Amino acid sequence: LPPERYAPKKVLGVGGSGIVVRLADAKFPQQDVALKFPRPVPGKIQLVREMLSKEIHVLARLRHPGVVRILYYDQIDETETYDKLPFYLMEFIEGVPSRQYFRNDVQESRGILRLVDDASKALHYLHTFPEGAIAHLDIKPENILIENLPRRPVMVDLGTAKRLMNDDTSTTVACTRSFADPELVRHLTADPTDENRSKGELPKSAVQLGFDLYSLGLTVLSWLGFDHSTGVLEYDNVVRLLAPYDRKYLILLAARLLAHRADHVPSWVTTRVGLSAKFLNQIAIRSTYELSDCCSR
């Protein structure tokens, strides 16, 4: 990147495969951009290269206000240590990670419902993309930012995203264990470099859109303030803001997103909603079409 145009301002995040840095743009001083480049962890170079290349391939085609937009991409020049590695510039989202927003900044009940609705619409866009349905596969609060103006959720980090294909050749899949569907985790192995990550090879035909629905369900519970593994309320400002009906609606919505298999619903959730896992499975939300119908009630 030309140094006379772009200047680093702040490191925004360091993940398993990449580093994201906020850059000032001399040509557009009112519009910063974000640079994502590889984090070449020893032993994971090929995985990093593959994930970032696929993320670029997916993002370059997407146009939705709820999905971060790519602006430019290229490769880092070959060095003595590594072959060429991809990088890209994307729009900088002026906002905060969603968990931080719900913990500290959310102020009114209707806004909470609208954010859940908007996140559902962004996921529906991916799942119904005209060129082929796309599964994100790593939905979690850290991968959804809440933009300041307009106030809306924006999905980021699509390095794990896969287009659904009726193909039994293998593809590399990675996910965050604590927010992933147990059915997905069952097919993967723990990442020795990160205890909360799993990775492995799956037939392309085994990738399911339902994996995202489960992760969104856990994300909604996290936004409400719950530790989704135990049901402990880690912060209560969101549930206090919500009217009783809206609070019950969102917890039930999350439960239905988790329930496409009855044994996947945490026991504390069934206790909280007062419904059995078997019954929740009967009313489970199995597509973003069904999710859209619920959110537009």
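Below are my notes on one serine and on the pockets.

1. First, a caveat: this is a predicted model, and every value here is computed from it.

2. Let's start with Ser198, which sits in strand S13, residues 194-203. Is Ser198 buried or exposed? Its relative accessible area is 1%, and buried means under 20%, so Ser198 counts as buried.

3. What does Ser198 touch? Its side chain makes a polar contact with the side chain of Arg177, at 2.7 Å. Setting aside neighbours within four places in sequence, the residues in contact with Ser198 include Val173, Ala174, Cys175, Val185 and Leu188, along with Arg177 again. Thr189, Ala190 and Asp191 are also among them.

4. On to the largest pocket, with a volume of about 1,000 Å³. It has 45 lining residues, and Gly13, Val20, Glu142, Asn143 and Asp157 lie nearest its centre. Which strand gives the largest share of that lining? That would be S13, with five residues. Other elements that each supply at least two residues include strand S1 (6-14), helix H1 (45-59) and strand S11 (170-176). By class, the lining splits into 18 nonpolar, twelve polar and 15 charged residues.

5. The second largest pocket holds about 510 Å³ of space. Of its 25 lining residues, Gln31, Asp32, Leu71, Glu91 and Phe92 are the closest to the centre. Strand S4 (70-76) and strand S9 (152-155) are among the elements that each give at least two residues to this lining. Here the classes come out as twelve nonpolar, three polar and ten charged.

Note on methods:
Residues are numbered from 1 along each chain as its sequence is written. This is a predicted model: local features need pLDDT of at least 70, side-chain atom pairs count only at pLDDT 80 or more; totals for chains, interfaces and linings use all residues. Side-chain values use heavy atoms; hydrogens and water are left out. Helices (H or I, at least four residues) and strands (E, at least two) are DSSP runs, numbered from the N terminus. Buried means under 20% relative accessible area, exposed over 50%, partly exposed in between (1.4 Å probe, protein chains only). A polar contact is a pair of N or O atoms within 3.5 Å; within protein, one must be able to donate a hydrogen and the other to accept it, and residues adjacent in sequence count only if both atoms are side-chain atoms. Contact means heavy atoms within 4.5 Å. On a 1 Å grid over the protein atoms alone, a cavity is a set of points where a 1.4 Å probe fits but cannot get out, and a pocket is an open set with protein on both sides within 12 Å along at least five of seven lines; lining residues have an atom within 4 Å of a point. Grid points are joined across faces, edges and corners, and a volume is the space filled by probe spheres set on the points. Ala, Val, Leu, Ile, Met, Phe, Trp, Tyr, Cys and Pro count as nonpolar, Asp, Glu, Lys and Arg as charged, and the others, Gly among them, as polar.
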